[in-house]
Amino acid sequence: GMHQAWRRRAVALSGVMPGDRVLVCASGTGDFALAFADVTGTTGHVTATDFCREMLDYLPAKVRSDRHAITIELADAMSLSYAPGSYDVVSIAYGIRNVDDPRVALSEMIRALKPGGRRVVSETGQPAGLMKLPFALFRPLIPVAGRLIAGNSDAYSYLPRTAREFPYGDAFVA
């Protein structure tokens, strides 16, 4: 459940306001888009995108039209069709490591931002210091927990592997 706190923190750090326009790339089932829409409300607008239609199919049932203004669109973060300067916030959560070329996706996100807009990238990494050893010991248990809780160990093997392999922290920023 830590991802819920991380999502709330990322939305808060984005500085999003009621009435803002937000683009969520690689939105998956839409939880990040909904977190933004809870702030932008019906006076703002959130565009939730993903390159996988099946992921987006989960979102419509979660949208409350009395609270949210959300458009759901099939789109690739590396080739966004939105006009330059269209959004106050452009975000991607737990998806930048899945695009073929993160630099291209990040450039596309910047292009879609209004001047002074904010790009939000939320991604997992590897802990340092005191948490490094417990995390390394816990990592092999993640697929087991995924199989027991969600009935799917493959997805829970993929997540720790890609988090370990993808550059994080200063390496990602560089």
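Select Asp38 to begin: its relative accessibility is 44%, so Asp38 counts as partly exposed (buried is under 20% relative accessible area, exposed over 50%, partly exposed in between, with a 1.4 Å probe and protein chains only). The model is a predicted one, in which local features need pLDDT of at least 70 and side-chain atom pairs count only at pLDDT 80 or more, while totals for chains, interfaces and linings use all residues. Residues are numbered from 1 along each chain as its sequence is written, and side-chain values use heavy atoms, with hydrogens and water left out.

Asp38 and Arg67 form a salt bridge, with the closest N and O atoms 2.6 Å apart (a salt bridge is a side-chain nitrogen of Lys or Arg within 4 Å of a carboxyl oxygen of Asp or Glu). This pair joins distant parts of the chain, 29 residues apart: Asp38 is in helix α2, Arg67 in the loop between α3 and β3. Helices (H or I, at least four residues) and strands (E, at least two) are DSSP runs, numbered from the N terminus. Arg67 is partly exposed, at 37% relative accessible area.

Next, select Asp31 and Lys62. Their side chains meet in a salt bridge of 2.9 Å, N to O. Asp31 is in helix α2 and Lys62 in the loop between α3 (53-56) and β3 (70-74), 31 residues apart.

Move to Asp20 and Arg118, whose side chains meet in a salt bridge at 3.4 Å, N to O. Asp20 sits in the loop between α1 and β1, and Arg118 in strand β5 (residues 113-122), 98 residues apart. Asp20 counts as buried because its relative accessibility is 11%; Arg118, at 28%, counts as partly exposed. The structure has 7 salt bridges by this rule.

Now look inside. The largest nonpolar core has 18 residues, and Val22, Val24, Phe32, Phe36, Val46 and Ile70 touch the most other members. Such a core is a set of buried Ala, Val, Leu, Ile, Met, Phe, Trp, Tyr and Cys residues joined through side-chain atoms within 4.5 Å. Helix α2 supplies the largest share of this core, 6 residues.

Select Phe36. Leaving aside neighbours within four places in sequence, Phe36 is in contact (heavy atoms within 4.5 Å) with Val11, Ser14, Val16, Val22, Val24, Val46, Val89 and Ser91. A second, separate core has 17 residues, including Leu23, Leu80, Ala112 and Phe166.

End with Leu148 in helix α6 (residues 141-150). Leu148 counts as exposed because its relative accessibility is 68%.
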